[in-house]
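Hello,

Here is the structure we talked about. Please open it and keep it on screen while you read.

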Amino acid sequence: MADARTVVDEPDGKPGALEGQGRQPRSVRVVLLALMIAMMLAMLDNMIIGTAMPTIVGELGGLEHLSWVVTAYTLATAASTPIWGKLGDMYGRKGVFMGSIVLFLVGSALSGMAQDMGQLIGFRAVQGLGAGGLMVGVMAIIGDLIPPRERGKYQGMMAGVMALAMIGGPLVGGALTDHLGWRWSFYINLPLGVVALAAISTVLHLPKKRSQTRIDYPGAALLTVGITAIVLVTTWGGTEYAWSSAMIMELTGIGVASLVGFVFWQTKAAEPIIPLHIFRSRNFTLMSIMGFITGFVMFGAVLFLPLYQQSVQGASATNSGLLLLPMLAAMMIVSMIAGRVTTSSGRYKVFPLVGGVLLSVGLFLLAQMDTETSRLTSGVYMAVLGAGLGCLMQITMLVAQNSVEMKDMGVASSATTLFRTLGSSFGVAIMGALFNSRVQDVMSERAGALGSQVTEQSAQLDAASLAKLPAAAREAYQYAVSSGTHSAFLLGAVVAVVVLVAAVFVKEVPLKGAGPEKGDESGGPASASAKGAVVEAV
């Protein structure tokens with residue numbers, strides 16, 4: 001293997017230490033901080049906006065189009081994710097990543113200046129296009145700079161950013177809306193994004209690329225149409241339209257036909273958006289499956305746990321993120337431990353295996369919750385689920401990146417991210433449909449005509465609506481919610497078994513850059529994954 005090293009220039013102009021030899025140079029830590037800020041932007045946005053939604057509708061109107069504020073962003077993010085990854089592989093990651101940050105900031109600024117709901121939805125789509133490149137760029141650049149063996153050290157950092165976004169997002173959104181106005185829910189991205197841009201532009205230096213091959217426009221179009229149709233099906237099915245309606249059937253047909261056409265075209269394209277040869281790696285394919293299932297169960301839990309806690313256990317809705325603290329804290333701690341163990345030992349197969357077990361057990365335990373379950377008990381169940389997620393969230397990306405060549409690092413990162421995004425869409429849709437159906441059935445059984453009337457528009461009531469119900473109807477609703485969450489989490493537990501089955505077939509391939517070679521007292525070369533990457537001190 002070539003002696004590919006990440007070089008760090010110290011302020012006196014002398015070459016610094018190679019990455020992997022002890023403590024990370026200051027400049028590498030600056031780059032990582034900038035990447036974590038960009039990652040925070042991608043995760044924080046929807047969390048902040050959710051709190052500001054009532055105020056936005058009050059000023060701009062357009063209540064009937066409210067869901068599109070989130071849907072437009074989600075669609076644009078999902079559809080653009082694989083394209084950003086491919087562009088980074090073709091033209092160089094630094095410029096493409098900075099372009100995605102700029103586009104995200106432009107969308108944020110325009111969203112903050114929107115004068116009506118139509119403008120806001122359009123600008124949110126622009127923002128979503130930029131967001132599609134943020135997470136992929138972060139993962140791919142880390143893949144360039146840090147050998148897989150060393151990458152485990154940073155798992156806890158990335159899990160911490162996710163936890164911070166989910167807990168702090170609603171708090172930040174509420175504070176900004178109350179004190180500065182809802183427009184600052186978008187403007188807050190600007191200073192953070194500028195800091196990330198400045199750090200990346202001055203400190204990060206990666207090899208410049210210039211592909212002579214044209215972008216695969218037909219493949220990009222087919223993939224965009226397919227993803228858009230599938231995400232719309234999961235978003236609208238059971239809410240805007242019945243699952244059996246003509247609209248859902250047509251969208252399903254369009255989505256399936258487009259994705260089948262995309263796969264066929266990728267075998268013919270000179271520079272495919274997602275090269276199919278990456279799926280020849282058994283580990284990469286298994287990680288894609290695990291990522292899909294992880295997204296499926298995680299976002300289902302994020303949706304229904306706060307609803308159960310507020311409706312059945314009487315928890316405050318002030319900050320829904322705090323309600324998830326047992327799950328998120330366990331996820332962050334276990335992710336950090338898994339990363340350290342992976343770095344020190346080079347072994348990782350145990351984590352998908354343990355994660356699959358904890359995921360299934362945690363969801364099964366959550367399915368046992370009823371109207372008598374205490375907050376302490378539900379917190380323990382959530383921690384079990386969080387520990388399972390902690391074993392899987394970053395390990396899936398690490399193993400996926402370790403399974404491909406450097407030239408495919410971007411598409412591998414984007415494909416893994418895309419599968420997790422699609423999994424979350426399917427999880428929310430399928431578990432949501434099961435939950436809504438069960439709640440409506442139980443309300444009809446226990447509260448008769450009044451129960452059916454209460455849940456006619458939505459099976460998910462907020463605290464204000466719940467407080468207005470007669471005592472009998474409120475008690476029936478609490479029982480219905482516990483019954484609905486039982487069905488949803490039981491489904492999740494069954495689906496999570498797929499992770500355990502997939503983990504059994506994972507082949508523990510040595511991580512690249514896996515420590516010192518014999519006779520090399522200095523620790524050896526960092527990794528081929530850092531080939532040509534140069535990070536200069538500020």
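Below is what was found, starting with the whole chain and moving to single residues.

**The whole chain**

First, a caution: this is a predicted model. The chain holds 18 helices and three strands. It has 538 residues, and 55% of them count as buried. Now take the contacts between residues at least 6 apart in sequence. Of these, 82% join residues at least 24 apart.

**Two packed helices**

Two packed helices are described by the angle between their axes and the distance between the axes. Find helix H14, residues 350-367, and helix H18, residues 471-504. They pack at an angle of about 170 degrees, and their axes are 8 Å apart. Angles over 145 degrees count as roughly antiparallel, so H14 is roughly antiparallel to H18.

Which residues make the contact? On the H14 side they include Pro-352, Leu-353, Gly-356, Ser-360 and Leu-363. On the H18 side they include His-486, Phe-489, Ala-493, Ala-496 and Val-497. The contact residues divide into 17 nonpolar, four polar and no charged.

Look at Ser-360, which sits in helix H14. Ser-360 is buried, with a relative accessible area of 14%. Leaving out residues up to four places away in sequence, Ser-360 touches Ala-493, Ala-496 and Val-497. A polar atom of the Ser-360 side chain also lies 3.4 Å from the backbone nitrogen of Val-497.

**Salt bridges**

Side chains of opposite charge can pair when their charged atoms come close. How many salt bridges does the structure hold? There are three.

- Glu-271 pairs with Lys-86, and the closest N and O atoms are 2.7 Å apart. Glu-271 is in the loop between helix H10 (246-266) and helix H11 (282-311). Lys-86 is in helix H2, residues 67-91. Lys-86 counts as buried, at 4%.
- Arg-93 pairs with Asp-89, and the closest N and O atoms are 2.7 Å apart. Arg-93 counts as buried, at 6% relative accessibility. Asp-89 is buried too, at 9%.
- Glu-508 pairs with Arg-347, and the closest N and O atoms are 3.0 Å apart. Glu-508 is in the loop between H18 and strand S3 (534-536). Arg-347 is in the loop between helix H13 (325-345) and H14. The pair links distant parts of the chain, 161 residues apart. Glu-508 counts as partly exposed, at 26% relative accessibility. Arg-347 counts as exposed, at 52%.

**Tyr-348**

Tyr-348 lies in the loop between H13 and H14. At 0% relative accessibility, Tyr-348 counts as buried. What does Tyr-348 contact, beyond its neighbours within four places in sequence? The list includes Asn-283, Thr-342, Ile-395, Val-399, Glu-508 and Leu-511. Val-399 is 51 residues from Tyr-348 in sequence, and their C-alpha atoms are 8.5 Å apart. A polar atom of the Tyr-348 side chain lies 2.8 Å from the backbone nitrogen of Val-509.

Ala-301 is found in helix H11. It counts as buried, at 0% relative accessibility. Setting aside residues up to four places away in sequence, Ala-301 touches Pro-306, Leu-324, Met-327, Leu-385 and Phe-489. Phe-489 is also one of the H18 residues in the contact with H14. Ala-301 and Leu-366 are 65 residues apart in sequence and 9.3 Å apart in space, C-alpha to C-alpha.

Thr-234 lies in helix H9, residues 217-236. Thr-234 counts as buried, at 9% relative accessibility. Its side chain reaches the backbone oxygen of Val-231 at 2.8 Å. Thr-234 also touches Ser-425, Phe-426 and Ala-429, again leaving out residues up to four places away in sequence.

Best wishes

Notes. Residues are numbered from 1 along each chain as its sequence is written. This is a predicted model: local features need pLDDT of at least 70, side-chain atom pairs count only at pLDDT 80 or more; totals for chains, interfaces and linings use all residues. Side-chain values use heavy atoms; hydrogens and water are left out. Axes are lines fitted to C-alpha atoms, for helices over the stretch in contact, and angles run from 0 to 180 degrees between N-to-C directions. Helices (H or I, at least four residues) and strands (E, at least two) are DSSP runs, numbered from the N terminus. Angles under 35 degrees count as roughly parallel, over 145 as roughly antiparallel, 65 to 115 as roughly perpendicular and the rest as oblique. Contact means heavy atoms within 4.5 Å. Ala, Val, Leu, Ile, Met, Phe, Trp, Tyr, Cys and Pro count as nonpolar, Asp, Glu, Lys and Arg as charged, and the others, Gly among them, as polar. A salt bridge is a side-chain nitrogen of Lys or Arg within 4 Å of a carboxyl oxygen of Asp or Glu. Buried means under 20% relative accessible area, exposed over 50%, partly exposed in between (1.4 Å probe, protein chains only). A polar contact is a pair of N or O atoms within 3.5 Å; within protein, one must be able to donate a hydrogen and the other to accept it, and residues adjacent in sequence count only if both atoms are side-chain atoms.
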